[in-house]
Amino acid sequence: MASLVSSPFTIPSSKKLSSLAQRHLFLHSFLPKKANCYGSNSKASLRVKCAAIGNGLFTQTTQEVRRIVPDNNQNLPTVKIVYVVLEAQYQSSLSAADLEDANIFIGSLIFVEELALKVKAAVEKERDRLDAVLVFPSMPEVMRLNKLGSFSMSQLGQSKSPFFQLFKKKKQSSAGFADSMLKLVRTLPKVLKYLPSDKAQDARLYILSLQFWLGGSPDNLQNFLKMVSGSYVPALKGTKMEYSEPVLYLDTGIWHPLAPCMYDDVKEYLNWYGTRRDANENLKSPNAPVVGLILQRSHIVTGDDGHYVAVIMELEARGAKVIPIFAGGLDFSGPVERFLIDPITKKPFVNSVVSLTGFALVGGPARQDHPRAIEALMRLDVPYIVALPLVFQTTEEWLNSTLGLHPIQVALQVALPELDGGMEPIVFAGRDPKTGKSHALHKRVEQLCTRAIKWGELKRKTKEEKKLAITVFSFPPDKGNVGTAAYLNVFSSIFSVLKDLQRDGYNVEGLPETSEALIEEVIHDKEAQFSSPNLNVAYKMSVREYQSLTPYATALEENWGKPPGNLNSDGENLLVGMSDVCYPDSLIGNIPNVYYYAANNPSEATIAKRRSYANTISYLTPPAENAGLYKGLKQLSELISSYQSLKDTGRGPQIVSSIISTAKQCNLDKDVELPDEGAEIPAKERDLVVGKVYAKIMEIESRLLPCGLHVIGEPPSALEAVATLVNIAALDRPEDADRDKLRTLFQFLGECLKLVVADNELGSLKQALEGKYVEPGPGGDPIRNPKVLPTGKNIHALDPQAIPTTAAMQSAKVVVDRLIERQKAENGGKYPETIALVLWGTDNIKTYGESLAQVLWMIGVMPVSDTFGRVNRVEPVSLEELGRPRIDVVVNCSGVFRDLFINQMNLLDRAVKMVAELDEPTEQNYVRKHALEQAQALGIDVREAATRVFSNASGSYSSNINLAVENSSWNDEKQLQDMYLSRKSFAFDCDAPGAGMTEKRNVFEMALSTADATFQNLDSSEISLTDVSHYFDSDPTNLVQNLRKDGKKPSAYIADTTTANAQVRTLAETVRLDARTKLLNPKWYEGMLSSGYEGVREIEKRLTNTVGWSATSGQVDNWVYEEANTTFIQDEEMLKKLMNTNPNSFRKLVQTFLEANGRGYWETSEENIDKLRQLYSEVEDKIEGIDR
Amino acid sequence: MTTTNSLHCSIQHHSLSKRHHPLDTPPPTPLFLKPPTTTIHPTNISLSHTPSNSHSHITFSLSQTTTTSPSTTLSYDLLRHHLSTKNFQQADEETRRLLIVLAGEAAQKRGYVFFSEVQFIPEQDLRTIDSLWREHSDNKFGYSVQKRILNKTNGDFTKFFIKVGWMKKLDTEVEQYNYRSFPTEFVWELNDDTPEGHLPLTNALRGTQLLNNVLNHPAFDAVDDKEEQDDAVTATGLKDNSSSSKNLTQKIFKPDYSF
């Protein structure tokens, strides 16, 4: 930490204005926040120093820039003021040394617990010596530091005084704390009445201080410092410091830079607006779009409004009227309703609203009240955009940072506003390093304003006028893949949407009669190969035209190569697959983007929301049904029930023998220990064997799987709705027949039923297209969290600082304990020393951080939440309480997890390092044990060796093993493992959080080499091991085996928390279960095939993902491939159906079988292979159009 | 209720409310919002002013070199003085001050010009300012010079800012630019490698609409009409320009480059 440098400095009094102007109340009081200059007219001049300190949280702050080195030529008395306002990097770097010779400390808006504690620690040491300590709205820990003469807040929270009671009600609604501060200011006289008279003067000055502070203007701040210095700094005793009373401003109102005053009434404002001499015809036209702006009062009163003015100018220059409203507190819901809604007609005065505060509508950086915000926004019913100014970084720091936007700001100003239904987190303003003032980022302001106007126009335009482009996914670009979307029947959905829009009055021309005809129109001969001349090409665009339409064309070349390229191109032109009235560019530009997203995928939806500014509308995943039984498994079940009724009739042994042989046919021998066929089995053991087989059968039968694909706008059938209710009822509910409990349950299910059938997917789309507000809702598993329903909500994730929750911690303990027990049972009672595991974004959103909590429990720490329920700290659990050694971990975070939860990576890394440094015996603390070994081997210190939290490099996702497998573009497993190591070895370091992800492959490999087990979580029934390529992509099982010195294959486990009773299974068991319930299950594949074209692709995907598991873990049994071959290839009827419905996907299926065999994962007869080869050339010919 | 008037000293913006310091006062630290450039500062918003430093008692007459009389009492003498002494930084300050004064009383109170006020500025005044700049910079500086550059970038302000040297390239993997810091990173001299159109400065603190409206003011319509002719003019001056652009590329990595 840099030392303080100071020198006396005299300034003419008027200069204070500008120096103080930058210290304003809320967020935007930026970096310098360290010290202040103060002087008074020639009577006294105060010396001020500015500290320059390093190690800003997540930033590489250079405080040198803000250091004040004042001169004091006249040798006047000096006052040193140190202050910290909101900006994490300064709170984080404050130390007692900064305060050593300070007179006054000022703090405000310190709402992050970790930082609050740092500030508290630093100030506490000097508190008695300091002349005054003033802390304005902040966490109670820091508020208690307040002292002004005899006035102290150290009793805050304990005293019965009504004064303190005001601070105590932290649980009160919404932005309670800060608002109660404001209330306090207003109720000043009442409060003072209750104070003992000798204290009254100091308390009065405190409240005056607060008024000055909230008043925020340079004059107020100047008088504030005069008052406090004159009253409490000993060197100034005797000098009479004159100061004026605080000037109070409107708390809420309407502001415009040209207006002669602030308005309290929207009609008055609009009247003034109409008289503007500078406004042109466009702006005065009654047809001009109107954009509401939400501003922070502090930015206005302190004059740090350049970025606000920029937005207002940009909007007006583009012909939009503005109504800029502001509020001083943290609750904007009242002003929104009061100023933006016509009280008589209840209609909004505005067509769209942009919040420039970056905050959630209610609660700012403190405690949010999303329901209240949503209520107000639903009443307003216009598109709601929340743009943000940089707060914790200067413009250059932001541009230079590989992390991008500061993680704390992402949490506060991107994630939280999303919970209100806020869209388009555009960073529209930067920060000047020297002044800390906000400035417009001109390109971003342009983008924000044009988008706000476009959204607003949706409210004004007629349906016939509106043009709508629909884009579908096709990746990898191949005809078989056109229209991919998770669990969605894409073409039927498009058809359903178009039909509905047509009914609703939109101009939809040439819509075919059926969805099949629509597919045909779109892909034009879906059976033809991709590059065939039959492709449905609407337009051929020349490279030149493309370049003129795409200003960022050069930027794309880095990744995509020079245009036209070889995809969707005939070599000269770019082929555009949309009709010519559609926008030729699918990239988003200024176009409002409405994006249907599967309700159960909040993490990817969040990326779509932030990157493509999408209003994400959720759709229901198909209802999960029990997997049921088929073929041999069904026979087995029948045999078991006959055993139950006949076991005592003497037929028992015979039936058991049949059970055993059938179970073997069904390859259950790996899951259940079966006696040899024909061996004599004593009666007692017979029951046991049958019981075990029965349990396995039940497990398969009751496994939930989504059947078929969803069609937008089609609510579930009665049967499907019941299936969903059964699943909800089964979750987390012990079996008991208590009548009252059942009644409650059924009441709850009744509510759920309403939600399940209240389909709002088409409705929400239409709302969005009409420029209305779309109600937000959490993404997730509808079974776990009925709030996900009804679908058709603008999906959001969660407050990233809220996880893991206490409930998640509870569930995590159960899973970890089971995992450890299972590992011990299979390894001679030995504890695993290290577990390598994966953290997924979606998983942690849906389960509120269960897998995150699992890691904490493995290493034996507990999360500690702060006053606002945010998890920013961990504490170790004692070894006695833990009752086992601390298990070491290697945490592989998905790229999406890294993007959404960098704070939690920070927390985990701190936890691991803390545990590594605990003074405990190494046989009880494997983290420490390994870290010590690694530190020695690598010649680094223990903290650095204790690096366990890894992910991709910033901006990069996945190990790419999935791509290699999907494209069959890999030579051997070693190559895949190298990919994994090179892409996943980027560590997060809580000691240098600003550095972002840093490659630490040595430590990564060493840590992995100690792993006894690998582990992943399955969180929902819709997405299981072979449904997506992500799970095998991140599996390091074979890699660990290669890295381990003993070459031993680690155990591989999968936790299944999809059902009431969390299960820990081996990976092999889970792969088998997955194969039995999906790929090989007629109920599943017939369901898929009923969707036709897309269904074939789904089947092929499962097989490809199975090969992926063979490649990364070797945990796929031969019979899985064999049975798959029997089902899809040997069955002539099935084969024909697949080939005819989607030949491209069928070709890939055949190819994958051949590949599985070629790579040695599947041994089968020559005959089978010959048939596959023959089929391959047949389907090739078919695709090429030969012999049709 | 007024709120912001006295506050408007931004680092990149001219403030009318600030006072001058005596010359011996050291420049304020960067903490101040006001640029630490001292010497001459206008006292207030009055249309004529008395430079308040030691070499102050120069009185500037309203000698009009321009043909028509624009705003009756406005004097361009200080601007002319700064320009003729190649004191470009002061000239730049003075230009912004003039612009605010020209925009009217409200702008003066506010301390900056709102884009829609530009329409009220008489053509002749803007032309006068422009011609003074061009005259003292070999046609390198001035609004009309900037307008031509903006036209060449098809109105793309990012490209424009890079061209006139108001944005700098960052040393990042991806090509990125950031605004230059005022005043230290700007060029206050007329060198060969000073980018064309570098001065006078209208910053992007409040976006680009003000500059856009200044450059698209009818005063500079001639630039559009005479684009070709102007090109010819630049072509004659091209000796300097071409060598300067060469120099620019050569010298851009010079460590002491003053941008």
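Biologist: Is Glu1155(A) buried or exposed in this model?

Modeller: The model is a predicted one. Glu1155(A) is found in helix α49 of chain A, which covers residues 1143-1158. Its relative accessibility is 11%, and buried means under 20%. Glu1155(A) therefore counts as buried.

Biologist: Leaving aside neighbours within four places in sequence, which residues is Glu1155(A) in contact with?

Modeller: Contact means heavy atoms within 4.5 Å. With the neighbours within four places set aside, the residues in contact with Glu1155(A) are Ser968(A) and Trp970(A).

Biologist: Which side chain makes a polar contact with the side chain of Ser144(B)?

Modeller: Ser144(B) lies in helix α5 of chain B, residues 143-152. Its relative accessible area is 9%, so Ser144(B) is buried. At 2.7 Å, its side chain makes a polar contact with the side chain of Asp130(B).

Biologist: What share of the residues of chain B counts as buried?

Modeller: A residue is buried when its relative accessible area is under 20%. Chain B has 259 residues, and the share that counts as buried is 56%.

Biologist: How many residues apart in sequence are the parts tied together by Arg703(A) and Asp1056(A)?

Modeller: Side chains of opposite charge can pair when their charged atoms come close. The side chains of Arg703(A) and Asp1056(A) meet in a salt bridge, 2.6 Å from N to O. Arg703(A) lies in the loop between α27 and β21 of chain A and Asp1056(A) in strand β32, so the parts tied together are 353 residues apart in sequence.

Biologist: Are Arg703(A) and Asp1056(A) buried or exposed?

Modeller: These two residues are the partners in the salt bridge at 2.6 Å. Both Arg703(A) and Asp1056(A) are buried.

Biologist: What is the relative accessible area of Arg1044(A)?

Modeller: The side chains of Asp1012(A) and Arg1044(A) meet in a salt bridge, 2.8 Å from N to O. The pair ties together parts that are 32 residues apart in sequence. Asp1012(A) is buried, with a relative accessible area of 16%. Arg1044(A) is buried too, and its relative accessible area is 13%.

Key:
Residues numbered from 1 in each chain as written. Chains lettered and ligands numbered in written order. Predicted model: local features only at pLDDT ≥ 70, side-chain atom pairs only at ≥ 80, totals over all residues. Heavy atoms only, no water. Buried < 20%, exposed > 50% of the residue type's maximum accessible area, 1.4 Å probe, protein only. Helix = DSSP H or I, 4+ residues; strand = E, 2+ residues; numbered from the N terminus. Polar contact = N/O pair within 3.5 Å; in protein donor to acceptor, adjacent residues only side chain to side chain. Salt bridge = Lys/Arg side-chain N within 4 Å of Asp/Glu carboxyl O.
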